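Biologist: I would like to learn how to read a few local features in a model of this kind, one at a time. Could we begin once the structure is in view?

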Amino acid sequence: MSLRTKDRATAIVRGRRLTAVADRLFASAMTDTALTTDRINAIARDWLAKELDSAERDLEKVRAGETLYAAPDPEIEPIQADLTLLSDLIGDSREALAVNDYRQIEVVADELLAAGGLSVDRASDAYGRFCRTLLRAQVELLNQTKARRVGDYGHPARDPLFALPPAAIAAAPPVDRTPQSMALAELVEVYAEAKVRDGEWKGRTLTNTKPKLTRFAEILSNKAVDDLTRDDVRDWRDALADMELSNNTIIQNFKYVNAMLNWAKIEGKCTIDSPLKGLAPKADDADRDAYTPADLKVLFHCPLYTGHWRADRRERPGGVLVKDHKFWLPLIALHSGLRAEEAAKLKVTDLRQIEGVWCFSVEDTKTAAGTRIVPVHPRLIRLGLLSHHEQVSKKGVGPLWPEIKPSTDGRYSEKFCAWWSHFRHLVGLGRSGLKFHSFRHTFISSLQVAGVPETLSGQLAGHVVNVGITYGVYGGKLLSAPERLALIERLDFGVDLSHLEPAG
């Protein structure tokens, strides 16, 4: 702009003033947190693009005869089951748009605002516009996903907000063809082969070390090595803790994995430094809390139990309620004290009537005392556990949770524990020391609060029971199933869970 003077000294003074103004404007622009319409639209378009890309990756993995979004149902053709579910979700989102009900999209909105460093009052008009635009993006996402599920990639965007003009399509940047770093499972094989060739691994060293590295790869879903994050490491660490591994054993796992990742960096197999530093637990530190009533209220009011978006996104509200092992295992652990592995590997025949009482028959446990009978809490029956048992029983006498497949070392809870660690953080239960095993602590503590003697709670929890005359009339007595049920019915977790039960 013109400084409106021919005098050099005057021009310098005016120029300095304009420079200061420009600097302030630039600083304001760089730190502007206003949620303008343009910014709302840009965030929504970016979110839609990323979600469509994620959906495409999922579509690439589905096989004939498998559902991708709906729960498996032998009476419904898999693709039709997915299409029906997607249609229902589209209807739910449109209905929410019609009445400006933003509850199902608020979690996404808050995540996106936090990622962008934006602080917006939920009561503001801007927040409402943001949620409404995201709901439109969600409808578009579901429409596109439904079309792609049947191989239709010519499906045009129905919402003009997300329709790219021809010029924008032509100007789209080229797809990055740079190959990713190798997957974790591949790295384990390459690493093990190199160690054997170099003479560093022989006999028992190979058989003791490689399974631990393979478990690391499986728990983290065989990610590319360069994509590993410290949060991934935390999820792996928490999953190991929920598998009843001691802290000293977990530290040993850290040692093996850290050595592999350091080797990979030196050998040019990855570009990242090992993300394990400082995350190993302390030796012999029992870092496990119990779930408090406030924790339980958060959990049992989250979308996992009140309705979620789809089976693989249970932290987001929606109209789906899948009652598979992810729904049941936390409930069983809380009401029965079963460990994650004990609950995950239950067979149909392990849930049966004993002396007229429905019980879990826990066998093949980590200790002799762990073999026990635990009555099914009446709340689990009211929630439909026996109906699930009946449905699965029609297919034979196999696992109670057919969708769970054992890991390479035979563990049934491995993938669930990894999922649980990630999920609980998403729903606000990320407090240090809070693991899946914490349900067992809550169960035992609740028995204690209810006045159940230690010798009796030990029989229910699978602890070694010290029998002797000091325990009074119950000392040394092996409880019948009805007597055990009477103790289970004393449990009070300090939170109202009646909303989970069917009306009436």
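Biologist: In the hairpin of β3 and β4, which residue takes a positive phi?

Modeller: This is a predicted model, and in its hairpin of β3 and β4, where two residues lie between the strands, glutamate 355 is the one with a positive phi, near 55°. The strands themselves, β3 with residues 351-354 and β4 with residues 357-362, pair in the antiparallel sense over four bridges.

Biologist: Which residue in β4 does glutamine 353 stand opposite?

Modeller: Glutamine 353 faces tryptophan 358 across the pairing.

Biologist: Turning to serine 413, is this residue buried or exposed?

Modeller: Buried means a relative accessible area under 20%, and serine 413 is counted as buried because its value is 0%. Serine 413 sits in the loop between α16 (385-393) and α17 (414-426).

Biologist: What does serine 413 contact, once its neighbours within four places in sequence are left aside?

Modeller: Its contacts are then Met243, Ala340, Glu341 and Ala344, and with glutamate 341 there is a polar contact of 2.6 Å between the two side chains.

Biologist: Over which residues does pLDDT stay under 50?

Modeller: Where pLDDT is low, the predicted coordinates should not be read in detail. Residues 25-32 stay under 50, and the model has one contact beyond four places in sequence for them; residues 166-172 also stay under 50, again with one such contact. For the protein chain, the mean pLDDT is 84, with 85% of its residues reaching 70 or more.

Conventions: Residues numbered from 1 in each chain as written. Predicted model: local features only at pLDDT ≥ 70, side-chain atom pairs only at ≥ 80, totals over all residues. Heavy atoms only, no water. Buried < 20%, exposed > 50% of the residue type's maximum accessible area, 1.4 Å probe, protein only. Polar contact = N/O pair within 3.5 Å; in protein donor to acceptor, adjacent residues only side chain to side chain. Contact = heavy atoms within 4.5 Å. Pairing = 2+ DSSP bridges. pLDDT = per-residue confidence, 0-100.
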